[in-house]
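Here is a short report on charged side chains.

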Amino acid sequence: MTKPAKRIEELRGEIRDHAYRYYVLDDPIVSDGQYDALMSELKELEEQSPDMVTPDSPTQRVGAPIGDLFQPVAHLRPLFSLDNAESADDLTAWEQRLGRALGSDPSGYVCELKIDGLAVVLTYRDGVLATGATRGDGVTGEDITANLRTIESIPLRLLTEDPPTVLEVRGEVYMPEDAFEELNRRQADAGERLFANPRNAAAGSVRQKDPAATADRNVDIWVYQLGLIEGGPELHTHAESLDYMRSLGLRTNPATRSVEDLEGVTEFVTETERDRHQTGYQIDGVVVKLDSLADQEAAGYTSKAPRWAIAYKFPPEEQVTTLKDISINIGRTGAATPFAILEPVFVGGATVSMATLHNQDQVAAKDVRIGDRVVVRRAGDVIPEVVGPVVSARTGKEKVWEMPTECPFCGNPIVRVEGEAVARCTGGFECPSRVREWLFHFSSRGGMDIEHMGYKTIDLLLSKGLISDPADIFTFDPDALLGTEGWGEISVGNLRKAIDGARNRSVARLLTALGIRHVGGTTARLLVRAFGGLPPLMAATEEDISAIEGVGPVIAAGVVEWSSDAANRTLVDSLGEAGVRLYDEMDESVQGDLLVGATFVVSGTVEGFSREEALAAIELRGGKATSSVSGRTTALVVGESPGASKSRKAKELGVPVIDAARFRRVLQEGLAALD
């Protein structure tokens with residue numbers, strides 16, 4: 001083998017290994033820059049020796065556009081649908097049917113997340129990806145090989161020196177929720193119709209005529225079933241087959257769990273339904289499979305479905321109803337946000353009569369009209385939203401909505417500044433809706449976290465003229481509420497205690513609560529860490545602020561503009577006079593680089609810390625705090641009532657899980673305290 005050929009093969013092997021660790025194991029061992037350097041070297045060598053380029057090279061993921069029609073592909077084994085279960089009784093009945101088919105009591109199951117995506121079939125011949133196809137009718141699908149090749153987590157060559165002669169596997173292509181939101185943002189910016197949900201977006205993405213368009217959509221895959229294997233190892237259980245596929249470089253879902261009996265299945269279903277919105281992608285149920293492959297074969301199939309598997313379906317989170325009208329709300333920044341008034345419909349576990357429409361561009365992009373039959377989605381605690389219209393149900397009487405020219409709350413003009421996504425009321429804090437939303441944001445958990453200061457209390461205080469801005473919250477006398485319906489000595493005392501407790505919140509929390517545009521919790525902590533308090537920050541120049549790492553010129557300009565407003569300066573002075581903390585004491589003993597390079601996730605209530613204080617303590621020492629556990633997480637910090645999915649994922653990935661006491665040691669001693 002020539003020297004260039006040898007180096008090309010070495011590079012391909014290294015890149016495949018690193019891609020596997022990054023996209024499948026979520027545990028990279030090289031930086032993005034190092035990976036890019038390897039890829040650049042390979043591309044350069046292949047350009048110098050084009051006769052050495054092979055279809056399975058990592059440089060060949062995006063090929064030429066596909067022709068006018070997708071060609072049919074016959075699957076090596078037919079794909080069946082699954083019977084459904086919707087209750088524990090349904091699962092029991094399924095197990096009883098399975099027992100009759102086997103002639104003995106079944107045991108040993110594998111539980112998998114039911115991904116809401118597009119089923120595909122991958123076929124490898126001698127270890128190289130030969131075809132990728134849609135499910136189709138279960139016997140014949142569409143050839144979308146060129147598009148599937150663009151998905152980084154699908155290996156073009158299996159990671160083994162001894163591949164099976166033929167390997168057919170089934171998987172689900174899906175779009176992560178953050179990728180879906182980004183795609184719809186781009187669609188809206190381009191004035192194009194928005195996708196209704198991640199499943200539709202994923203399906204549309206892998207059926208693009210140009211593979212480059214698929215590559216730009218950030219879809220991914222979970223492989224969940226071995227369809228056919230020839231010339232491979234002898235496997236005895238479904239769990240073994242998943243491990244084997246993962247060893248070949250195929251991406252299997254780490255949330256999959258083997259259980260002994262139906263009690264274990266029920267426990268998995270309950271946990272999964274509870275945590276279904278913490279995965280980062282959409283799931284609509286759990287698939288339960290008999291683990292023994294011999295028992296699967298013995299149980300066999302009906303004409304439509306395998307007897308050895310069943311899909312437990314979660315309650316639907318989308319329903320269709322009538323959009324009766326569209327109105328607007330004015331938020332704390334003056335943003336005019338349209339919302340839908342709906343014919344009440346039960347969806348996602350609650351009756352919904354209103355739903356968000358985000359902004360006027362979204363209304364136009366979705367082409368939602370008054371009188372439409374619309375798809376409404378409610379997922380967990382997320383605000384219900386109108387996904388889109390049922391165009392086929394239109395009668396011609398539907399009305400196109402336009403943003404009002406005047407604010408319905410104060411009568412001032414509603415104006416949309418060129419280049420901005422939202423229209424705004426120009427009435428400032430003369431607008432009662434804007435004041436109401438500002439006070440609610442200030443008092444909310446993301447702001448000063450003042451318990452008992454929800455919309456109902458704020459509306460009452462506003463109606464009595466007791467408050468008009470955040471400083472008033474700390475100066476009005478709660479006894480003024482005594483005698484009002486629902487307000488006795490105990491409830492008034494609780495409100496007073498909550499307000500007094502908020503006076504000593506961290507300055508970063510106060511800065512977040514004030515509602516400066518572009519300043520969220522992370523940015524607020526950076527600013528307070530740099531300046532030590534609000535008054536020094538308000539005296540700083542744009543140059544001083546933008547010089548802080550992680551704070552750009554847009555944020556700096558926004559902070560200076562806010563600080564220059566006389567009303568805001570008066571507000572901060574009033575807060576200080578009311579006893580609200582404006583300065584943070586800086587701990588000179590803290591080493592700013594003690595946790596540099598480390599990434600932590602905080603879950604639950606950590607004893608001795610508010611959430612903001614825990615995150616600030618990490619960042620103050622040079623560490624990074626994120627919201628989700630991955631292979632790059634240094635440790636998961638757990639307190640009371642941590643998220644079950646975060647703890648489970650940390651265990652699966654081998655990420656250390658530490659309690660409050662260990663966390664304090666890490667803050668004092670550094671990463672050595674993890675050993």
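The model is predicted. Its salt bridges come to 32 in count. Three of them are set out here.

| Salt bridge | N to O distance | Relative accessible area |
|---|---|---|
| R186 and D216 | 2.6 Å | R186 28%, D216 43% |
| D367 and R369 | 3.0 Å | D367 21%, R369 25% |
| R503 and D500 | 3.0 Å | D500 39% |

Take the bridge between R186 and D216, with N and O 2.6 Å apart. R186 sits in helix α5, residues 177-189, while D216 belongs to the loop between α7 (211-215) and β8 (220-230), so this pair ties together parts that are 30 residues apart in sequence. R186 is partly exposed. D216 is partly exposed as well, at 43%.

R369 is partly exposed at 25%. R503 pairs with D500, and D500 counts as partly exposed at 39%.

E260 lies in the loop between β9 (257-259) and α9 (262-274). Is E260 buried or exposed? E260 has a relative accessible area of 64%, so it counts as exposed, the cut-off being over 50%.

Conventions. Residues are numbered from 1 along each chain as its sequence is written. This is a predicted model: local features need pLDDT of at least 70, side-chain atom pairs count only at pLDDT 80 or more; totals for chains, interfaces and linings use all residues. Side-chain values use heavy atoms; hydrogens and water are left out. Helices (H or I, at least four residues) and strands (E, at least two) are DSSP runs, numbered from the N terminus. Buried means under 20% relative accessible area, exposed over 50%, partly exposed in between (1.4 Å probe, protein chains only). A salt bridge is a side-chain nitrogen of Lys or Arg within 4 Å of a carboxyl oxygen of Asp or Glu.
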